[in-house]
Amino acid sequence: MLGNKDAIATIAVKNLQHAKAFYEQTLGLTPVDTEGDQLVVFRSGNSVINVYQSQFAGSNLATAVTWRVGSDLENIIKTLKTKGVAFEHYDIPGLTRTGDIHACGDMKVAWFKDPDGNIHNLVNQ
C-alpha cells in the first residue's frame, strides 16, 4: 500500500526562525514552502523535510532523519564541524568508533543534533 509512496521527515522545533537558519545555512537545505510562522518545508535531494514549531520539540531520543551520503561522509562531517556542528558519540554493541565515525563492516555512520536536540544521522550506504 505505501511501499511505492514517498515519505517525508517531520521535525519539531521550538523556534522556527532559529531552526530555519540552521537547516538552511548550516545544513545547506533549500526552503521550498512555508505556512506562516508554523512550518518550513525544505528540499533535500528528491525528498522534503517538514520543520514545524511545537512545544514537544527535541523530545525524541532516537534518530529523526538519516541522510545517505555515500563516499562524501568524511567531507560532510568536516564541513559541518567548521560550521559549529558537534557530533554525538554512542556506545552501541557491534559498532567501533574512530573520531566521529561509527563503523560496522563497510557501514559508516555519524550522528549530530540540531539546536533543539533532534538527532540526525549520516550514513555512507
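This is a short chat about the predicted model shown above.

Visitor: What am I looking at, a prediction or something else?
Guide: This is a predicted model.

Visitor: How many helices and strands does the protein chain have?
Guide: The protein chain has 2 helices and 10 strands.

Visitor: In which pattern do they follow along the sequence?
Guide: The pattern reads β-α-β-β-β-β-α-β-β-β-β-β.

Visitor: What about overall size? What does the C-alpha trace span?
Guide: Along its principal axes, the C-alpha trace spans about 45 × 40 × 25 Å.

Visitor: And how does the radius of gyration compare with a compact globule?
Guide: The two agree. For 125 residues, a compact globule would have a radius of gyration near 14 Å, and this protein chain has 15 Å.

Visitor: What share of the residues is buried?
Guide: Buried residues make up 37% of the 125 in the protein chain.

Visitor: Now the charges. How many positive and negative ones are there?
Guide: There are 11 positive and 13 negative charges. Their mean positions are 4 Å apart.

Visitor: Let's go inside. Which residues touch the most other members of the largest nonpolar core?
Guide: Tyr 23, Leu 27, Val 51, Trp 67, Phe 87, Phe 112 and Leu 122 do. That core has 24 residues.

Visitor: Which elements each supply at least two of its residues?
Guide: Two helices do, α1 (16–26) and α2 (73–82). So do strands β1 (9–13), β3 (39–44), β4 (47–53), β5 (63–68) and β9 (107–113).

Visitor: Which one gives the most?
Guide: Helix α1, with 4 residues.

Visitor: Why would nonpolar side chains gather like that?
Guide: In soluble globular proteins, nonpolar side chains tend to be buried together.

Visitor: Back to Val 51. What is in contact with Val 51, leaving aside neighbours within four places in sequence?
Guide: Ile 11, Val 13, Leu 16, Ala 19 and Tyr 23 are among its contacts. Gln 38, Leu 39, Val 40 and Phe 42 are on the list too.

Visitor: You mentioned Val 40. Where is Val 40 found?
Guide: Val 40 is in strand β3.

Visitor: Buried or exposed?
Guide: Val 40 counts as buried because its relative accessible area is 2%, and the cut-off for buried is under 20%.

Visitor: What does Val 40 touch, beyond four places in sequence?
Guide: Its contacts include Leu 16, Lys 20, Pro 31, Ile 49 and Val 51. Asp 33, Thr 34 and Asn 50 are also in contact with Val 40.

Visitor: Where does Val 123 lie?
Guide: Val 123 lies in strand β10, residues 119–123. Val 123 is buried, at 9% relative accessible area.

Visitor: How are Val 123 and Arg 68 separated?
Guide: Along the chain they are 55 residues apart. Their C-alpha atoms are separated by 5.1 Å. Arg 68 is also one of the contacts of Val 123, as are Thr 66, Trp 67 and Val 109.

Visitor: Switching to Ile 77. Which helix is Ile 77 found in?
Guide: Ile 77 is in helix α2. Ile 77 is buried, with a relative accessible area of 6%.

Visitor: What does Ile 77 touch, not counting residues up to four places away?
Guide: Phe 87, Asp 100, Ile 101, Ala 110 and Leu 122.

Visitor: One more residue. Is Thr 96 buried or exposed?
Guide: Thr 96 is exposed, at 54% relative accessibility; the cut-off for exposed is over 50%. Thr 96 lies in strand β7, residues 96–98.

Visitor: And which residues does Thr 96 touch, past four places in sequence?
Guide: Ile 101, His 102 and Ala 103.

Visitor: Last one. Among contacts between residues at least 6 apart in sequence, what share joins residues at least 24 apart?
Guide: In this protein chain, 51%.

Terms used: Residues numbered from 1 in each chain as written. Predicted model: local features only at pLDDT ≥ 70, side-chain atom pairs only at ≥ 80, totals over all residues. Heavy atoms only, no water. Core = buried A, V, L, I, M, F, W, Y, C linked by side-chain atoms within 4.5 Å. Buried < 20%, exposed > 50% of the residue type's maximum accessible area, 1.4 Å probe, protein only. Contact = heavy atoms within 4.5 Å. Rg over C-alpha atoms; globule rule 2.2 N^0.38 Å. Lys, Arg positive; Asp, Glu negative; His and termini not counted. Charge placed at Lys NZ, Arg CZ, Asp CG, Glu CD.
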